[in-house]
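Subject: Structure handover

Hello,

Here is the structure I promised to pass on. My notes on what was found in it follow below.

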Amino acid sequence: QVQLVESGGDLVQAGGSLRLSCAASGIIFSIYGMGWYRQVPGKQRELVATITHGGSTNYTDSVKGRFTIARDNANDTVFLQMNRLKPEDTAVYYCNAHRTLSGGRRIDYWGQGTQVTVSS
């Protein structure tokens, strides 16, 4: 059974920092791409950052220079360091594990989400 368990969400003032963690189990973590997405009520879930199994990273423009995604393959964990937080970063943040099979089918697993609230 695949489990992705997020932690680290909290209420923080604008300009502050948070570090989200996502512990994975039930998958061979090192071969999966990992990502963080976020969603606010009434809007679609959006990509925040991804990291490939090889360590290459990608960020949505609004978080570049403020957020950093990293992975620890020894402990099957992915992190999202969030600095200089803004009220518009307020959302539920979801951990994602993904892999594309040889036939082109993509597999996605999701965590339950962790709430990040940034007050102005």
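Predicted model: local features only at pLDDT ≥ 70, side-chain atom pairs only at ≥ 80, totals over all residues.

Strand β4 and its neighbours

Tyrosine 37 lies in strand β4. This strand is mostly covered, with 6 of its 7 residues buried. β4 is joined to β9 by 7 bridges, and these two strands run antiparallel. Within that pairing, valine 92 in β9 stands opposite glutamine 39. β4 also pairs with β5, again in the antiparallel sense, over 5 bridges. Here tryptophan 36 faces alanine 49 of β5 as its opposite residue. The two strands β4 and β5 make a hairpin with 6 residues between them. In the turn of that hairpin, glycine 42 has a positive phi of about 85 degrees.

Threonine 50 sits in β5, the strand that covers residues 46-51. At 16% relative accessibility, threonine 50 is classed as buried. Leaving aside residues up to four places away in sequence, threonine 50 touches Met34, Gly35, Ser56, Thr57, Asn58 and Ile69.

The nonpolar core

In soluble globular proteins, nonpolar side chains tend to be buried together. In this model the largest nonpolar core has 28 residues. The residues with the most contacts inside this core are Met34, Trp36, Val78, Leu80, Met82 and Tyr93. Two or more residues each come from β3, β4, β5, β7 (67-72), β8 (77-82), β9 (91-100) and β11 (114-119).

Aromatic pairs and charges over rings

The structure has 2 aromatic pairs, counting ring centres that lie within 6.5 Å. One is formed by tyrosine 32 and tyrosine 109, with 6.2 Å centre to centre and 45 degrees between the planes, and is tilted. Tyrosine 32 lies in the loop between β3 (18-25) and β4 (33-39), and tyrosine 109 lies in strand β10 (residues 106-110), so this pair ties together parts that are 77 residues apart in sequence. With 6% relative accessibility, tyrosine 32 is buried, whereas tyrosine 109 is partly exposed at 27%.

Why does the pair of tyrosine 37 and tryptophan 110 count as edge-to-face? The ring centres are 4.9 Å apart and the planes stand at 70 degrees; the class applies because that angle is over 60 degrees. Tyrosine 37 belongs to β4 and tryptophan 110 to β10, so the contact ties together parts that are 73 residues apart in sequence. Tryptophan 110 is partly exposed, at 36% relative accessibility.

Arginine 45 lies over the face of tyrosine 94, at 3.7 Å from the ring centre. Arginine 71 is placed over the face of phenylalanine 29, at 4.6 Å from the ring centre.

Salt bridges

Side chains of opposite charge can pair when their charged atoms come close. How many salt bridges does the structure hold? The count is 5, and some of them are described here.

Arginine 38 and glutamate 46 meet through their side chains in a salt bridge of 2.6 Å, N to O. Arginine 38 is buried, with a relative accessible area of 5%, while glutamate 46 is partly exposed at 33%.

Aspartate 61 and lysine 64 form another salt bridge, at 3.0 Å, N to O. Aspartate 61 is exposed, at 61% relative accessibility, and lysine 64 is partly exposed, at 48%.

The side chains of arginine 106 and aspartate 108 also meet in a salt bridge, at 2.9 Å, N to O. Both partners fall in the partly exposed class: arginine 106 has 40% relative accessibility and aspartate 108 has 32%. Elsewhere, salt bridges that share partners join Arg38, Glu46, Arg66 and Asp89 into one network.

Regards

Definitions and conventions:
Residues numbered from 1 in each chain as written. Heavy atoms only, no water. Phe/Tyr/Trp six-rings, centres within 6.5 Å; stacked < 30°, edge-to-face > 60°. Helix = DSSP H or I, 4+ residues; strand = E, 2+ residues; numbered from the N terminus. Buried < 20%, exposed > 50% of the residue type's maximum accessible area, 1.4 Å probe, protein only. Lys NZ or Arg CZ within 6 Å of the ring centre and 35° of its normal. Contact = heavy atoms within 4.5 Å. Core = buried A, V, L, I, M, F, W, Y, C linked by side-chain atoms within 4.5 Å. Pairing = 2+ DSSP bridges. Salt bridge = Lys/Arg side-chain N within 4 Å of Asp/Glu carboxyl O.
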